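Trainee: I would like to go through this model and ask what stands behind the labels. Could you set the values against the cut-offs as we go?

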Amino acid sequence: MKNQRRGTDDRALFVISVAAELAGVHPQTLRMYERKGLIRPQRTQGNTRRYSQADIEIVRLIQELTQERGMNLAGAEMVLQLQQQLEQAQERMERLRREAMQLQQQLVENLERIRKAQQTALVPLRNAQAPFGVERRGGR
């Protein structure tokens, strides 16, 4: 599972020793997290792992969940999945909000176009002359 925290850098920049030091873990911990599917570092053409800042943030979160909050890795994995689902839901909500705003703008433009068309198409009834000499009801 690849969890992408919003606003973090996804560029794969760090070799495993640097990433481990930045995350405050042993390189074997990173390998274990990768085996368990918690992180998926990118690979170079030579098959060397490269970690992004987003990967390091995930490792830090796993460490916090397991060491400070007493979760096991299965629990941490569930938290990461829920976090990813939440981010996807937030992205979907934002996309729907933008679509609703566009539809609202189109509606306002259409209503204005209809209002202008009515102003030019309708003649006030009191001032209208009877076509073909036919009197209006009410006899005025």
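Trainee: Which residues does V79 contact, leaving aside its neighbours within four places in sequence?
Mentor: This is a predicted model, and in it V79 is in contact with L65 and M71, once neighbours within four places in sequence are left aside. V79 lies in helix α4.

Trainee: How can V79 and L65 be called a contact, and what is the cut-off?
Mentor: Contact is judged on heavy atoms within 4.5 Å.

Trainee: Why is V79 called partly exposed?
Mentor: The relative accessible area of V79 is 25%. Buried means under 20% and exposed means over 50%, so a value in between is partly exposed. V79 is therefore partly exposed.

Trainee: What makes L73 partly exposed?
Mentor: L73 has 21% relative accessibility. Buried would need a value under 20%, so L73 counts as partly exposed. L73 also lies in helix α4. Not counting residues up to four places away in sequence, L73 touches M32, Y33, K36, L38, I62 and T66. From C-alpha to C-alpha, L73 and I62 are 7.7 Å apart, and they are eleven residues apart in sequence.

Trainee: Which residues of α3 and α4 meet?
Mentor: On the α3 side they are I58, L61, I62, L65 and T66, and on the α4 side L73, A76, V79, L80 and Q83. The axes of these two helices come within 9 Å. The crossing of α3 past α4 is right-handed.

Trainee: Why are α3 and α4 called oblique to each other?
Mentor: Their axes cross at roughly 130°. Roughly perpendicular covers 65 to 115 degrees and roughly antiparallel starts over 145, so an angle between those ranges is oblique. α3 and α4 are therefore oblique to each other.

Trainee: How do you know that α1 and α2 are roughly perpendicular?
Mentor: The axes of α1 and α2 cross at roughly 95° and come within 8 Å. The range for roughly perpendicular is 65 to 115 degrees, so α1 and α2 are roughly perpendicular to each other. I16, A19 and A20 of α1 make the contact with P27, L30 and R31 of α2.

Trainee: What makes α2 and α3 roughly perpendicular?
Mentor: The axes of α2 and α3 cross at roughly 95° and come within 12 Å. That crossing angle falls in the range of 65 to 115 degrees, so α2 and α3 are roughly perpendicular to each other. Here T29, L30 and Y33 of α2 are in contact with V59, I62 and Q63 of α3.

Trainee: Which residues have the most contacts inside the largest nonpolar core?
Mentor: They are L30, I39, Y51, V59 and I62, in a core of 19 residues. The elements that give two or more residues to this core are α1 (16-23), α2 (27-35), α3 (53-68) and α4 (73-121). α3 gives the most, with six residues.

Trainee: What does L30 contact, leaving aside its neighbours within four places in sequence?
Mentor: L30 is in contact with I16, A19, A20, V25, I39, Y51 and V59.

Trainee: Why is A54 called buried?
Mentor: A54 has 1% relative accessibility. Buried means under 20%, so A54 counts as buried. A54 is found in helix α3. The C-alpha atoms of A54 and D10 are separated by 5.5 Å, although the two are 44 residues apart along the chain.

Trainee: How many helices and strands does the chain have, and what pattern do they follow?
Mentor: There are four helices and two strands, and along the sequence the pattern is α-α-β-β-α-α. Buried residues are 23% of the 140 residues in the chain.

Technical notes: Residues numbered from 1 in each chain as written. Predicted model: local features only at pLDDT ≥ 70, side-chain atom pairs only at ≥ 80, totals over all residues. Heavy atoms only, no water. Buried < 20%, exposed > 50% of the residue type's maximum accessible area, 1.4 Å probe, protein only. Core = buried A, V, L, I, M, F, W, Y, C linked by side-chain atoms within 4.5 Å. Axes fitted to C-alpha atoms, helices over the stretch in contact; angles between N-to-C directions. Parallel < 35°, antiparallel > 145°, perpendicular 65-115°, else oblique. Left-handed = near helix turned anticlockwise from the far one by under 90°.
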